[in-house]
Amino acid sequence: DEGWTLVWNDEFDGEQLDTSKWDYQYGNGGEYGVPGWGNNEWQYYLGREENVRVEDGKLVITALKEDNIYTSGRIRTFTNRGDVLFATTYGRIEARIKCPVGEGIWPAFWTLGTNIKETPWPACGEIDIMEMVGGNNTTFATCPFNDHHGDHICQATVHYAGEPAGHILPRAYELMEGDFKDDFHVFGVDWD
């Protein structure tokens, strides 16, 4: 768009994840003192090709049930050593995403304050640009749209320190036809 200057992007046009831009996050949250990542999540994040791969110009993240454990992938522009690969304050942040659907699925595209080690969540700040609580899932009590879930509804939330429980500006978008698995959609936020 006019008026914007591109400062960072990844078109996933290589054969593998560009680790100069992304790092894998591992575990189930217990390693950070937040079992289930604070959302009662069941999966264990890994950096395996079965869970995270680049294919035909797309990043593909796959959740799997394996030997009584759920695995998936989580990538970020912040390394496990604490190095920041990319961070920004203000601007437009967007991604073109095709969501998986089904009970228990919770795809998300979000930002998190790089000061999270010194300033715990939610005081570090978080912008959920897109979250989709899939299926008829009602187990996610922390979801700001606990009564608005399904494969045709995406939501956005800003988290911050304070009351009520670090949630402000929750919004939902509902497709009139189909599900978010049917096509790619551009999800973004203009932060000023």
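**Close-up views of a predicted model**

View A. W110 belongs to strand 9, which covers residues 108–112.

View B. The strands follow one another in the order 2-6-5, and their pairing is mixed. Strand 2 (43–45) and strand 5 (64–66) stand at the edges with a single partner strand each, so one side of each of them has no neighbour in the sheet. From one strand to the next, the twist averages 40 degrees. In general, the strands of a sheet pair through backbone hydrogen bonds, in either a parallel or an antiparallel manner.

**View C. Strand 5 and strand 6 pair in the antiparallel sense.** Strand 6 consists of residues 69–72, and three bridges connect it with strand 5. Within this part of the model, L64 stands opposite T71, a residue of strand 6.

**View D. Ring pairs join W8, F12, W22 and F86 into a cluster.** The count of aromatic pairs comes to nine. One of them is formed by W8 and W22, whose rings are arranged edge-to-face, with 5.3 Å from centre to centre and 80 degrees between the planes. Both W8 and W22 lie in the segment before strand 1 (23–24), and the pair links distant parts of the chain that are 14 residues apart. W8 has a relative accessible area of 25% and is partly exposed, whereas W22, at 14% relative accessibility, counts as buried.

**View E. W8 also pairs with F86.** The ring centres of W8 and F86 are 5.2 Å apart and their planes stand at 25 degrees, so this pair is classed as stacked, because planes under 30 degrees apart count as such. While W8 comes from the segment before strand 1, F86 sits in the loop between strand 7 (75–76) and strand 8 (91–97), so the pair ties together parts of the chain that are 78 residues apart in sequence. With a relative accessibility of 24%, F86 counts as partly exposed.

How values were computed: Residues are numbered from 1 along each chain as its sequence is written. This is a predicted model: local features need pLDDT of at least 70, side-chain atom pairs count only at pLDDT 80 or more; totals for chains, interfaces and linings use all residues. Side-chain values use heavy atoms; hydrogens and water are left out. Two strands pair if DSSP finds at least two bridges between them. Helices (H or I, at least four residues) and strands (E, at least two) are DSSP runs, numbered from the N terminus. Axes are lines fitted to C-alpha atoms, for helices over the stretch in contact, and angles run from 0 to 180 degrees between N-to-C directions. Rings of Phe, Tyr and Trp (its six-membered ring) pair if their centres lie within 6.5 Å; planes under 30 degrees apart count as stacked, over 60 as edge-to-face and the rest as tilted. Buried means under 20% relative accessible area, exposed over 50%, partly exposed in between (1.4 Å probe, protein chains only).
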